[in-house]
Amino acid sequence: MYTLAPDEKASTVMVYSRNKLIHGDLVTKTNIRVSIWLRTQGVPNYVHLLKPQVLLFGGMPPKSLTYDELFFPAERIIGFHLAPPASEPLDYDPDEANRVMLDVNLVLGVFMLKGRVRVSTHADLATSIEVAHVGWLSVYDAEISNPFIPQMPAIKVPMLLVKPTQVSFGL
C-alpha cells in the first residue's frame, strides 16, 4: 500500500468519466486546494487514487470494482468533486458585480445533474460556454443522480468541476 510523503495528503473525492464513477482518496501535495485542483498546472497525466471503489457502467447491473490503488487518466475525467461531507470554500466572490446564477441540467456520462452556474448578466448560457474556453466549469448546489440506479440516493455537493466540452447542458 502507498505511503504518503510528508508533503502529501489524501482527500476523498468522486471522479466521473463517461462510464465510471470512482470514489477514492486522491493523493496531492499538502498545500493544494482539492476542489479546484484540476484547474492547476501541476495535474499529472494519471490521477492517483488510494482505496478506490469503481462503479463501471457497461451493462446491467453496473459492475463494482475495488483496488488498493488506481491510476486513472486525467484526460478522461468529465466531473470531479470532494466527496460529501467534505467541502472547501467556493471559488467565487458572491459580491462580484454583473454575475448571476443560472439553473442548469447536465448530462454527465451516465449521470444526471441539477445545479447552478455563474454567468454574466449580459450573456446567456450559450454565449457563456461558447466564449469562455475554459477547461473546467464550476457547477454549484449540485444534485447528481443516476437514472440507471434509481435506488441510489442523489449526491448533493456545494461545488463540482465539469469539463464543458464533455457534458450536455439543458435549461
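This is a predicted model: local features need pLDDT of at least 70, side-chain atom pairs count only at pLDDT 80 or more; totals for chains, interfaces and linings use all residues.
Leaving out residues up to four places away in sequence, L160 touches F80, H81, L113, L137, S138, V139, A142 and I144. Show those side chains along with L160 before moving on.

**The largest nonpolar core**

L160 is one of the 26 residues in the largest nonpolar core. Next, select Y16, L108, F111, L113, I144 and V162, which together with L160 touch the most other members of this core. Now colour the strands: β1 (8-16), β7 (99-108), β8 (111-120), β9 (137-145) and β10 (155-162) each supply at least two residues of the core. In general, nonpolar side chains in soluble globular proteins tend to be buried together.

**Strand β6**

Go to β6 (79-82). Which residues of β6 point one way, and which the other? G79 and H81 point to one side, while F80 and L82 point to the other. All four are buried. Side chains in a regular strand alternate between the two faces of the sheet.

Then show the strands that pair with β6. β1 runs antiparallel to β6, and four bridges join the two. Pick V13 and follow the pairing across to L82, its bridge partner in β6. β10 is also antiparallel to β6, joined to it by two bridges. Here, select G79 and look for its bridge partner in β10, V162.

**S11 on β1**

Move along to S11, which lies in strand β1. Is S11 buried or exposed? S11 counts as buried because its relative accessibility is 12%, below the 20% cut-off. Display its surroundings: apart from neighbours within four places in sequence, S11 is in contact with G24, D25, L26, V34 and L82.

**The cavity**

β6 and β10 each supply at least two residues of the lining, and β10 gives the most, with three.

Conventions:
Residues are numbered from 1 along each chain as its sequence is written. Side-chain values use heavy atoms; hydrogens and water are left out. A nonpolar core is a set of buried Ala, Val, Leu, Ile, Met, Phe, Trp, Tyr and Cys residues joined through side-chain atoms within 4.5 Å. Buried means under 20% relative accessible area, exposed over 50%, partly exposed in between (1.4 Å probe, protein chains only). Contact means heavy atoms within 4.5 Å. Two strands pair if DSSP finds at least two bridges between them.
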